[in-house]
Amino acid sequence: MADEAMFEAPVTVALTGASGAQYGLRLIDCLVAARHQVLVLISKAAHMVIATETDESLPSNPERLSEVLRERSGAAPGQIRCFAREDWMAPVASGSGAPSAMVICPCSTGTLSAVATGASNNLIERAADVALKERRQLILVPRETPFSAIHLEHMLTLTRMGAVILPAAPGFYHRPQTLDDMIDFIVARILNQLGIAHALMPRWGEAT
Ligand SMILES: Cc1cc2nc3c(=O)[nH]c(=O)nc-3n(C[C@H](O)[C@H](O)[C@H](O)COP(=O)(O)O)c2cc1C
């Protein structure tokens, strides 16, 4: 059993089936390195995207998944906790147990739509609904191109409710040399939003 007091404030990270699984996996690693506890939710489609885009093969069983993510990120026992799609007893399913911040990264347009309309049909959608109703921090990292009017309207709706829409759109002004540089560009932006210190890349105006 983990001593939760060893960790910084928990953060919920949900990976859904948009392209860009690497962003979500790197975010988990960075939160672990910053000593935060991470509550992880991975959709069925996200598992398919992870298998397509990366060399990772992640199990769907939450206990096994927690173990595999813990090993790959070097987390302490209990630092990463994974929950199943319909585990309504998970802390993230209720305002009394959910962390004060949630990031959906990457966020599919399907999950974007479900969150904007309050569908709550799975634990990711329910956790986001809880974040909105409790006025907690909710960051969505959508990836699609081009966006339809439906996508744009859902993003506007969520922004007006206080969520942050942080598209997976890396900049080039820092002259990225590798794929990792481009991934870190987005992850750095997410960590900035969360107020978590990092050394992934300098902030604008800082010396390189
Ligand atoms: C390899 C792959 C890449 C995909 N890329 C995207 C994408 O970039 N954006 C998106 O919104 N959906 C994308 N999809 C489709 C979603 O996975 C699909 O709509 C799914 O129902 C989303 O479910 P979820 O929101 O529960 O994860 C992709 C699917 C696959 C298999």
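## Salt bridges, a ligand shell and a parallel sheet

The side chains of arginine 143 and glutamate 144 meet in a salt bridge, with 3.6 Å from N to O; the term stands for a side-chain nitrogen of Lys or Arg within 4 Å of a carboxyl oxygen of Asp or Glu. Both residues also belong to the group that surrounds the ligand. The model is predicted, so to speak of local features a pLDDT of at least 70 is needed, side-chain atom pairs count only at pLDDT 80 or more, and totals for chains, interfaces and linings use all residues. Residues are numbered from 1 along each chain as its sequence is written, and side-chain values use heavy atoms, with hydrogens and water left out.

**Around the ligand**

- Which residues surround the ligand? They are Thr16, Gly17, Ala18, Ser19, Ser43, Ala45, Val49, Ser108, Thr109, Thr111, Arg143 and Glu144, where being near means that a heavy atom of the residue lies within 4 Å.
- By class, this shell has three nonpolar, seven polar and two charged residues. Here Ala, Val, Leu, Ile, Met, Phe, Trp, Tyr, Cys and Pro count as nonpolar, Asp, Glu, Lys and Arg as charged, and the others, Gly among them, as polar.
- An oxygen atom of the ligand is 2.6 Å from an N or O atom in the side chain of serine 43. A polar contact is a pair of N or O atoms within 3.5 Å; within protein, one must be able to donate a hydrogen and the other to accept it, and residues adjacent in sequence count only if both atoms are side-chain atoms.
- Backbone atoms take part too: a ligand oxygen is 3.0 Å from a polar backbone atom of serine 19, and a ligand oxygen is 2.8 Å from a polar backbone atom of threonine 109.
- Taken alone, the ligand exposes 640 Å², and the protein buries 66% of that. These areas come from the Shrake-Rupley method with a 1.4 Å probe; for residues, only the protein chains shown count as cover.
- Helix H2 (44-53) and helix H4 (109-117) are the elements that give two or more residues to the shell. Helices (H or I, at least four residues) and strands (E, at least two) are DSSP runs, numbered from the N terminus.

**Salt bridges**

- The whole structure holds seven salt bridges.
- Aspartate 184 and arginine 26 form one of them, at 2.6 Å from N to O. This pair links distant parts of the chain, 158 residues apart: aspartate 184 is in helix H7 (residues 179-194) and arginine 26 in helix H1 (residues 21-33).
- Is aspartate 184 buried or exposed? Aspartate 184 is buried, at 11% relative accessible area, while arginine 26 is partly exposed, at 30%. Buried means under 20%, exposed over 50%, and partly exposed in between (1.4 Å probe, protein chains only).
- Glutamate 56 and arginine 72 also meet in a salt bridge, at 3.0 Å from N to O.
- Asp29, Glu56 and Arg72 are linked in a network of salt bridges.

**The sheet**

- Six strands make an open sheet in the order S3-S2-S1-S4-S5-S6, with parallel pairing. Two strands pair if DSSP finds at least two bridges between them.
- At the edges are strand S3 (80-83) and strand S6 (164-165), each pairing on one side only.
- Strand S1 (residues 8-15) runs parallel to strand S4 (residues 101-107), and three bridges join them.
- Valine 13 stands opposite valine 103 in S4.
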